[in-house]
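Open the model in your viewer and keep the selection panel at hand.

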Amino acid sequence: PEGFVYGEEDFVLQAAGWGGEPGSAPSRFDRALLEGWGDRMERGLFRYRLGPLPTRVLPGPMRLVAQLNVQRGTERRPPQAVHSLRQPFDPRAFNFTRIRPGEVLLRLRRAGGGGPAAPDPLLVAINVSPLERGHVLLLPEPARGLPQALTAPLLRGGLEAALLSAHPGFRVGFNGLGGCASVNHLHLHAFYLGRPLLVESAPARPLCPRRGLSLLPDVPAPAFLFYAAGPTGLEALARDVCRAAEHLADSGLACNVFATRGDPPGGAAAGGGGRGLRVLLWARRPSFGAKAGAAFNVALCELAGYLPLPAAPLFRDITEAEALRAIREHLLPEPQLLRLGGDLARLLEG
């Protein structure tokens, strides 16, 4: 794979505005990723050829983005069965040591990186069953055989990748074990979606201001919100998110994580118009066994308000109320969520 070495000068502190397609006003990172991705599509390395996808915003205050992707629903590799929040890596099951060399686009590495708090060097590989143009996986060294349990070096590497993109809709996310992870081998998802989401701008309620922890209540799936105004805050943010995710696992809860450009927790006015990185952490009841063939599986995209749908009638007819009902079945009741928020605030303060 092509080596991609980046430094502070490559971070795009303010992404472009909405209205452009992925690749408009691209950064060096965007160009390398999208050109490589397009090359692999032309070479037939994906499970299907992805063209423009029908997309609509559902009527309602949550502004859910529905998108029809029939082929992902029928052509993707069957997800692995998950039986435990602490399930060990199984080298006999499909894992990312088995991907073809041509599927890897870049080897992403921070210039001068090193030390215990450094971001992981990451392989950027195509997702062969893509959600959208530019959908990739971010992989720490696959030969390490790490299970799908979030680590601070991986998350920090993913957040730095988000800052390398100039597109406002480049998102990074994590599905944990019991949270609809498809492969028990450590990875993040990253993709471009050319639509804004409510989770980027909705105001939050502070829980632990000193550690940047808030509760984001008025969104499709209420979440714990962490925020960094720029790259200097990413080390502490990644560490805190992972401490919180570990606490969820200790409590028998699964998690999903979603990172996006967004307003400060207090809203756009609190940041003087500037945007940083919002990182959402969802606590959920774990789902074990193979993923059922439901209308849509509730993973990081759905929790964030982006609904990839596998069938045209569902895409045409689904309402906001129906989607929210399906999403919130997996979440905690509000009293339990608020108690958990207090627990996390005390954990991070300590």
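Two strands count as paired if DSSP finds at least two bridges between them; strands (E, at least two residues) and helices (H or I, at least four) are DSSP runs numbered from the N terminus. This is a predicted model, in which local features need pLDDT of at least 70 and side-chain atom pairs pLDDT 80 or more, while totals for chains, interfaces and linings use all residues. Residues are numbered from 1 along each chain as its sequence is written, and side-chain values use heavy atoms, without hydrogens and water.

Select S3, residues 65–68. Strand S14 (residues 306–309) runs parallel to S3, joined by four bridges, and Val65 has Tyr306 as its bridge partner. S2 (residues 55–57) pairs with S3 in the antiparallel sense over three bridges; here Arg56 is partnered by Ala66. Val65 and Gln67 on one side of S3, and Ala66 and Leu68 on the other, are all buried (under 20% relative accessible area, 1.4 Å probe, protein chains only).

Next, show the open sheet of eleven strands, ordered S1-S4-S5-S6-S8-S7-S12-S13-S11-S10-S9 with mixed pairing. Its edge strands are S1 (2–6) and S9 (205–208), each pairing on one side only.

Within it, pick S5 (residues 122–126) and S6 (residues 136–139), antiparallel and joined by four bridges.

Now select Helix H8 (residues 334–349), which lies across S9, S10, S11 and S13 and runs at about 165° to S10 (contact: heavy atoms within 4.5 Å; axes are lines fitted to C-alpha atoms, for helices over the stretch in contact, with angles from 0 to 180 degrees between N-to-C directions).

Technical notes:
Buried < 20%, exposed > 50% of the residue type's maximum accessible area, 1.4 Å probe, protein only.
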